[in-house]
Amino acid sequence: MQIPRSAPDDRKIGPPVTVEMDDIDYRYGNALDVATVIELYNASGFGERRPVDDPAIFADMLRYANLTVTAWDRDLLVGIARTLTDFSYVGYLSDLAVRQSHQKFGIGVELIRKTREKMGPRSMLVLLSAPQAIEYYPRVGFTQHPSAWVLRAGDPFPK
């Protein structure tokens, strides 16, 4: 399958280039340039739900995720799966972002597969879906759970 290849510098105009899916390079590790990851989140549409305007918080998000898988089209970051996990029982897939130009070509599925490869054989993967992705996750094998709860930083909490 071929996917359009974005120019590393989006300001360059030219004919679309294609790349084979085999040319996407998947890497493990969270030693990433914060500005590069923020640019990916904005290019994926995920930036509207993450603190892309605060590089310090974003740096912590990357630093403290203990399982990060990235997808690269040459030197262009095109996808990321950022997980917090104990590697035995559960992992929270906190972010799955793929550059819009590279969506619908299996990169997200491959990021999830590579995440699961690093987790224990009995470990489950959980996530909170963005509203736009609610239909995506059942198609890739996730089951909806009716009792997720969120307590945001500014929400009242009993003393």
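Here, contact means heavy atoms within 4.5 Å. The model is predicted.

**Confidence**

The mean pLDDT of the protein chain is 87. Of its residues, 87% reach 70 or more. Among the elements, strand β4 (residues 67-73) has the highest mean pLDDT, 98. Strand β1 (residues 2-5) has the lowest, 53. Over residues 6-15 the pLDDT falls below 50. That stretch has 9 contacts in the model beyond near neighbours in sequence. Where pLDDT is low, the predicted coordinates should not be read in detail.

**Helices α1 and α2**

Helix α1 covers residues 34-44, and helix α2 covers residues 55-64. The two pack at an angle of about 95°. Their axes lie 10 Å apart. Angles of 65 to 115 degrees count as roughly perpendicular, so α1 is roughly perpendicular to α2.

From α1, the contact uses V34, V37, I38 and Y41. From α2, it uses P55, F58, A59 and L62. The contact residues comprise 8 nonpolar, no polar and no charged.

Burial in α1 takes in V34, V37, I38, L40, Y41, A43 and S44. After the helix comes G45. The phi of G45 is positive, near 90°.

**Aromatic pairs**

The structure holds 4 aromatic pairs. Two of them are set out below.

| Pair | Distance between ring centres | Angle between planes | Type |
|---|---|---|---|
| Y41 and F46 | 5.6 Å | 65° | edge-to-face |
| Y137 and F142 | 5.4 Å | 80° | edge-to-face |

Why do the rings of Y41 and F46 count as edge-to-face? Planes over 60 degrees apart count as edge-to-face, and the planes of Y41 and F46 are at 65°.

Are Y41 and F46 buried or exposed? Buried means under 20% relative accessible area. Y41 has a relative accessible area of 0%, so Y41 is buried. F46 is at 11% relative accessibility, so F46 also counts as buried. Y137 and F142 are buried as well.

Y41 and F46 also belong with F58: the three form one aromatic cluster. Y41 contributes to the contact from α1, and F58 contributes from α2.

Note on methods. Residues are numbered from 1 along each chain as its sequence is written. This is a predicted model: local features need pLDDT of at least 70, side-chain atom pairs count only at pLDDT 80 or more; totals for chains, interfaces and linings use all residues. Side-chain values use heavy atoms; hydrogens and water are left out. Axes are lines fitted to C-alpha atoms, for helices over the stretch in contact, and angles run from 0 to 180 degrees between N-to-C directions. Helices (H or I, at least four residues) and strands (E, at least two) are DSSP runs, numbered from the N terminus. Angles under 35 degrees count as roughly parallel, over 145 as roughly antiparallel, 65 to 115 as roughly perpendicular and the rest as oblique. Ala, Val, Leu, Ile, Met, Phe, Trp, Tyr, Cys and Pro count as nonpolar, Asp, Glu, Lys and Arg as charged, and the others, Gly among them, as polar. Buried means under 20% relative accessible area, exposed over 50%, partly exposed in between (1.4 Å probe, protein chains only). pLDDT is the predictor's confidence in each residue, from 0 to 100. Rings of Phe, Tyr and Trp (its six-membered ring) pair if their centres lie within 6.5 Å; planes under 30 degrees apart count as stacked, over 60 as edge-to-face and the rest as tilted.
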